[in-house]
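Here are my notes for you to read alongside the picture. Take the points in order, and keep the viewer open while you go.

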Amino acid sequence: MVSVCFSHIHIYCDQLRPIDEYKKLEAKLNGFAKALDGPGEDVASGRKTWLSLHGQFGDPTRACEPAEYRACGQDLVEQLLVGLGWRVTGSAESGSTRTLVATSSDPRGVRFVITAHRELRLDELASPESAKKRARTDTSGEFQYLSPEHLQRFSEYHKGRQGIAVLGFDVVKGGLESIREKYAELHPKLLLAGGLKTYPGAKVLEVFAYYTGDIRSSDADTGTVIRFIEVTDDAVYVLPGITKVDATFDGISQAAYCDHWVSNVFSRTGFLQTLEETLGFTPKVDFNAGVVAAGEAQIESTVTGNSPSLLLTDKMAALKDQSQVYLPINNALSEVGHVNIFLKELGQGVQHIASRVEDLGSLIQRANDYRKMTGAGLSFLQIPMSYYGYLTSKRLAQEAGLEEAAAERYIAALRRAELLDNKDLVALDATRDAVAAALREAGEVQPELVEHVLRSRYGNLYQLLREHLSEEAYLRIVRNNILVDIQGEDLLLQIFTSKILQRGEGEEAPFLEFIQRVCSDSLDAAGRPKKIRPGCGGFGIRNFLTLFLSIEVSKASAARAEAENRGDKKAASFQSQRVDAFTAQLDESNPVLTAISDAMTAEGLALEMGNAKEAERWAAEKAKGNQALQDVSSKYKQIMKDIREAEAKALGN
């Protein structure tokens, strides 16, 4: 099969400002970076510095007071410039459309091509009332993929919403015709009109990504496109027709590289088959319904991709390499949950784009600080603090080897000192001296007891990683709401932005993911570094269930606190039972999730090596783990039902 690698994504949005406005913003951001004392500057001081630059640079953002920041209604290019330190590195003016390219400091890494109509929003393009206006202003120009016809087609399918319209792949020289032939032979319905086009410096082939239903028998889904580019002149920047633009970076932002692109579809197996028949992609990991469940919401997900021959031992080379393509594909199994709502509101399409960086903690700290200092940029999914850790008397008794009565006294002392809140969370800024002083009010204090209390701020993570991270590193993960998963000896750090390209609160929209893969330093039998496995650390499967249960723990803890505040001891008691049940389910599920995760990793490795028998063995182990996880879920579902019924009886509801 023809070799492909990540090239770019193409986003259609409502509006783009003239490039000069974004360049003014870049100049102010560069001046701001120089004026700051460095990473970690006090946010209040940074806010004053930002405001002090108004006289020199003006106010080229559409920013608000930081406390009033909202994720919806944002200018995506501005978000990327402020939040990530990216810059506009390319532009095109084609007929009635404007196109900009935004990249990180490495232009060979992640490349966002963003196009908007000069006069009409996407919902206006889809409106019949604007047909006459479109007829007067729309011209295709030389470069078909920048034409307003594509914006209109996308908008009509996606109900006027903004979104990620195209997944772009670079193709080796001489390979594009072979891909076209595969589609023409096996999936002719997916070929866009006009077929393969030759432009100055490159050839371009566009196909529709999905079918509306069953493969081959149903029509092409006209919402999302896959674009293949075969560059014949190295002077081409991303796409023919796009002019490279000079850009100055701030010196503190990080380069980002393509890791995986995620689709929500009606037929996961159909898309998998299409990619296998045309590009030779094969499944790498299957997340089945036993694992990917959050309450009643259930999905199935498969990560498919190519199998490049390149093997690396250098970690920086592995970070930058984009020859390994991963495409996770989700379909909904229930009538509730994010994937189902996405499909109902938007239809099939790209759910999110995942990019990897060298130091995720620093990237997110910078983004959060800049948002608080400028009132612009990116915000991120808020993770319940209980995901990272919590402290109850039962947990303290178990981990510190105490009698439960003693543990309850210590917990009460921590609450009196306001070091433990009513959601069972220890203050992130708690010091050893403050904790020790509070505990002494309840009895004798050993240094180990103080460490147990402080470690509870990230106790769930500590169970996974132990001494592999410092206390400072753990706390930075917690403060910045970073998710953690581990497979074998490899670590995955991940975070999700709030929705982007969202006009109004509550609307479904795509989002971004940023990850850091920490690959193990394993040696082979001869003592040489082992080859770095693509996708080391996995895709965060453990976090699906952990997040769901952590959210439920937080809700029950908050309900208990409300009951205690109004003096309702009975209601508080039932909420305590819920907290105990959810935390027990989480504790019981964790080793099962570890076994499933390890089996999935081993199955994927066996598939990559072509060892069908070994893959089958690990698939059986994974199935066994899935069944065990379902048994745990059923057990606690019954426990929660019993609590609910007992509560209704006791409270007369």
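1. Start with Asp 14 and Arg 503, whose side chains are joined by a polar contact of 2.7 Å. Keep in mind that this is a predicted model. Where does Asp 14 lie? Look in the loop between strand S1 (4–12) and H1. With a relative accessibility of 10%, Asp 14 counts as buried, because the cut-off for that is under 20%. Leaving out neighbours within four places in sequence, Asp 14 is in contact with Ala 116, His 117, Leu 120, Arg 121, Leu 122, Asp 123, Gln 162 and Arg 503.

2. Now move on to H1 itself. Helix H1 (residues 19–35) and helix H12 (residues 360–374) have axes that come within 13 Å and cross at roughly 105°. Angles of 65 to 115 degrees count as roughly perpendicular, so that is the word for H1 and H12. Which residues meet there? From H1 you get Leu 29, Phe 32 and Ala 33, and from H12 you get Tyr 370, Met 373 and Thr 374. Sorted by class, this contact of H1 with H12 has five nonpolar residues, one polar and no charged.

3. Stay on H12 and pick out Lys 372, which is found in this helix. Now look at what lies across from it: Gly 46 is 326 residues away along the chain, and the two C-alpha atoms are separated by 8.8 Å. Not counting residues up to four places away in sequence, Lys 372 touches Val 43, Arg 47 and Pro 66.

4. Gln 298 lies in strand S13 (residues 297–305) and is partly exposed, with a relative accessible area of 31%.

5. Next, look down the axis of helix H11 (residues 338–346). Its buried residues are Val 339, Asn 340, Phe 342, Leu 343 and Leu 346. Seen that way, the buried residues of H11 fall within an arc of 165°, so they line one face of the helix. An α-helix has 3.6 residues a turn, so residues three or four places apart point the same way. Just after H11 comes Gly 347, with a positive phi of about 85°.

6. Speaking of phi, most residues other than glycine have a negative one. Two residues here are worth a click. Val 238 is not a glycine, but has a positive phi of about 70°. It is found in the loop between strand S8 (225–231) and strand S9 (243–244), and is buried at a relative accessible area of 4%. Glu 418 is not a glycine either, and has a positive phi of about 60°. Glu 418 is found in the loop between helix H14 (404–416) and helix H15 (432–440), and is exposed, with a relative accessible area of 69%.

7. Finish with H20 and helix H21 (residues 612–651), which pack at an angle of about 170° with their axes 8 Å apart. That makes H20 roughly antiparallel to H21. By class, their contact has 26 nonpolar, seven polar and 10 charged residues. Now zoom in on Glu 603, which lies in helix H20 (residues 569–608). Glu 603 counts as buried, at 11% relative accessibility. Which side chain does Glu 603 join in a polar contact? The partner is Lys 622, at 3.0 Å. Beyond its neighbours within four places in sequence, Glu 603 is in contact with Ala 615, Trp 618, Ala 619 and Lys 622.

Technical notes
Residues are numbered from 1 along each chain as its sequence is written. This is a predicted model: local features need pLDDT of at least 70, side-chain atom pairs count only at pLDDT 80 or more; totals for chains, interfaces and linings use all residues. Side-chain values use heavy atoms; hydrogens and water are left out. Helices (H or I, at least four residues) and strands (E, at least two) are DSSP runs, numbered from the N terminus. Buried means under 20% relative accessible area, exposed over 50%, partly exposed in between (1.4 Å probe, protein chains only). A polar contact is a pair of N or O atoms within 3.5 Å; within protein, one must be able to donate a hydrogen and the other to accept it, and residues adjacent in sequence count only if both atoms are side-chain atoms. Contact means heavy atoms within 4.5 Å. Axes are lines fitted to C-alpha atoms, for helices over the stretch in contact, and angles run from 0 to 180 degrees between N-to-C directions. Angles under 35 degrees count as roughly parallel, over 145 as roughly antiparallel, 65 to 115 as roughly perpendicular and the rest as oblique. Ala, Val, Leu, Ile, Met, Phe, Trp, Tyr, Cys and Pro count as nonpolar, Asp, Glu, Lys and Arg as charged, and the others, Gly among them, as polar. The arc is that of the directions from the helix axis to the C-beta atoms.
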